[in-house]
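Please keep the sequence and the structure in view while reading.

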Amino acid sequence: MTIHGKIGFKEAIIVDEKLLKNLEEVILSFFKKITYECKLLNGDYIEFDSLIELLNYENSRYRKIVKLKIKFDYNEIIFEPTFSKLNSYQHTVFGVYRVNDSDTSILFSEKVQRVLENSRRSKWYTLLTKVSMMHFLIFVLGISMGSTIFSVMKEGILGKGNVYTIYPINIGLTIGILIIVVSIILAKCRDMLLPPISFMIGEQIQEIKRNEDRFSKIFWGVIVAFIISFIVTKIA
């Protein structure tokens, strides 16, 4: 009997020495050989024959790890955000494995899942990284529809404030395009400062910490300040 199992993890995660050592210990208790393959930011691939080699990699800014594949026998666990129609990503970790009995499958899966959960990010961090352009557009569309419904209920379809011409339609289309462009730019900045998978190896340990500090300053210094000033303006 051969069981084909799957591994999946949907939250933001930190990939560091602790996680990798614990994961290697679990894998080697079930399988014989383990190797590591990394894809870098510049498109290069590196194969490591041991965990020590991987942990000693410099992981510099322009050659940093963006994808990690752990291979063991004919199985693999991959650290890479996967596509999602609604969220920014569906999984941060996914993998497949083959074993000979159901008890081994359950035990292996549970142990791997426990290692991953011990390195997951906080709920707020995961929420921020999962917010996509789709969510932003739904939010904007909801406000627009709410405003239109309120205006129609108050003045009627043919009310003075509800006369639709080419000019406001063009303005609306322009604003919509600008919103899409801005949301894409914000998403790219977010992914740079708060990556769903933090490969905290080598130089990226300090780089990731600096980016988290930058995001915190931007959030509290700009976004919250804007919200407070907006509320004060409405109250005044």
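This is a predicted model: local features need pLDDT of at least 70, side-chain atom pairs count only at pLDDT 80 or more; totals for chains, interfaces and linings use all residues.

A residue counts as buried when its relative accessible area is under 20%, as exposed when that area is over 50%, and as partly exposed in between.

**Lysine 69**
- Lys69 has a relative accessible area of 16%, and because the cut-off for burial is under 20%, Lys69 is classed as buried.
- Lys69 belongs to strand β5, which covers residues 65-72.
- When neighbours within four places in sequence are set aside, the residues in contact with Lys69 are Thr35, Tyr36 and Glu37, together with Glu76, Ile77 and Ile78.

**Nonpolar cores**
- The largest nonpolar core is made up of 35 residues, and within this core the most contacts belong to Leu54, Leu68, Ile70 and Phe79.
- The most residues in this core come from helix α1, residues 17-28, which supplies five.
- Apart from this core there is another, of six residues, including Tyr125, Leu193, Leu194 and Phe215.
- Leu54 touches Leu20, Tyr36, Cys38, Phe48, Ile65, Leu68 and Ile201, if residues up to four places away in sequence are not counted.

**Cysteines**
- Cys38, one of the residues that Leu54 touches, is buried, with a relative accessibility of 1%.
- Cys189 has a relative accessible area of 38%, and because this value lies between the limits of 20% and 50%, Cys189 is described as partly exposed.
- A search of the whole structure for disulfides finds zero.

Conventions. Residues are numbered from 1 along each chain as its sequence is written. Side-chain values use heavy atoms; hydrogens and water are left out. A nonpolar core is a set of buried Ala, Val, Leu, Ile, Met, Phe, Trp, Tyr and Cys residues joined through side-chain atoms within 4.5 Å. Buried means under 20% relative accessible area, exposed over 50%, partly exposed in between (1.4 Å probe, protein chains only). Helices (H or I, at least four residues) and strands (E, at least two) are DSSP runs, numbered from the N terminus. Contact means heavy atoms within 4.5 Å. A disulfide is a pair of cysteine sulfur atoms within 2.5 Å.
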